[in-house]
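Please take a moment with the sequence and the model below before reading on. The paragraphs that follow lead from the helices to the sheets and then to the pair of chains.

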Protein chains: 2
Amino acid sequence: MSLFHPTPDQLQMADVLHALSDPQRLCIVRSLAEDSTPRRCGSFDLDITKSTLTHHFRVLREAGVIDQREEGTARLNSLRREDLDGRFPGLLDAVLAGAPGPVSARSPVTASA
Amino acid sequence: MSLFHPTPDQLQMADVLHALSDPQRLCIVRSLAEDSTPRRCGSFDLDITKSTLTHHFRVLREAGVIDQREEGTARLNSLRREDLDGRFPGLLDAVLAGAPGPVSARSPVTASA
């Protein structure tokens, strides 16, 4: 079963803003923006449960912010920068410029005490 | 009791995006952007209950998107454009360019059938 992805003309401003309105999702988006190589969900090492992580990726995908492709047992994530820039010019750049830093691969967001 | 308004340096990208991620709040913001004259909450004539409207204005104010000043028994709303543009350059313009049209004063959003 293929994963739902809205087409570019189906993208809604309110959905995209909602998808970007969570600090952890913003971190994911910023990380994907730094490097166009598709990344596995597990490579972000956010300090959250797997189900929460899966939820965040689903929200991003269903809003049209990211593309998810299945490759074997993994899901590879990439930013739909061209679609977003085409539909909402300047939005992603403005959000990325104002959002906190990216999540490095294998680098936890929260320092262990 | 004065209403809570975050200072410019307290504005958080995720909070602002969340405040803007609702179609009705987007309509309110777009309307306020069209005319800098402060407007009463009741002047928007959105087809929603008063309590929902009050909720939307509170979310916008607490995120720092709008300023609310009490004048007698009314609350006057205005957009914090300068604070938003200073903190998140280009964000508001990009959102307004991509959002649906404004709510005219006394012009219902939903046409009566």
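In which hand, left or right, does α1(A) cross α3(A)? Before the reply, some conventions are needed: this is a predicted model in which local features need pLDDT of at least 70 and side-chain atom pairs count only at pLDDT 80 or more, while totals for chains, interfaces and linings use all residues. Residues are numbered from 1 along each chain as its sequence is written, chains are lettered from A and ligands numbered from 1 in the order in which they are written, and side-chain values use heavy atoms, with hydrogens and water left out.

The crossing of α1(A) over α3(A) is left-handed, a term used if the near helix is turned anticlockwise from the far one by less than a right angle, with right-handed used if it is turned clockwise. Helices here are DSSP runs of H or I with at least four residues, and strands are runs of E with at least two, numbered from the N terminus. Helix α1 of chain A covers residues 13-20 and packs with α3(A) at an angle of about 160°, their axes lying 9 Å apart; such axes are lines fitted to C-alpha atoms, for helices over the stretch in contact, and angles run from 0 to 180 degrees between N-to-C directions. The two helices α1(A) and α3(A) are therefore roughly antiparallel, the word for angles over 145 degrees, whereas those under 35 count as roughly parallel, 65 to 115 as roughly perpendicular and the rest as oblique. On the α1(A) side the contact is made by Asp15(A), Val16(A), His18(A) and Ala19(A), and on the α3(A) side by Val59(A), Leu60(A) and Ala63(A), where contact means heavy atoms within 4.5 Å.

In chain A, three strands form an open sheet in the order β1-β3-β2, with antiparallel pairing, where two strands pair if DSSP finds at least two bridges between them. The edge strands are β1 (39-40) and β2 (66-71) of chain A, each pairing on one side only. Two bridges join β1(A) to strand β3 (residues 74-79) of chain A in the antiparallel sense, and Arg40(A) stands opposite Leu76(A) in β3(A). Helix α2(A) lies across β1, β2 and β3 of chain A, running at about 80° to β3(A).

Chain B likewise has an open, antiparallel sheet of three strands in the order β1-β3-β2. Its strands β2(B) and β3(B) pair over six bridges in the antiparallel sense, with Glu71(B) opposite Ala74(B) in β3(B). These two strands form a hairpin with two residues between them, and Gly72(B) in the turn has a positive phi of about 65°.

The same surface serves both copies, since 100% of the contact residues of chain B recur in chain A.
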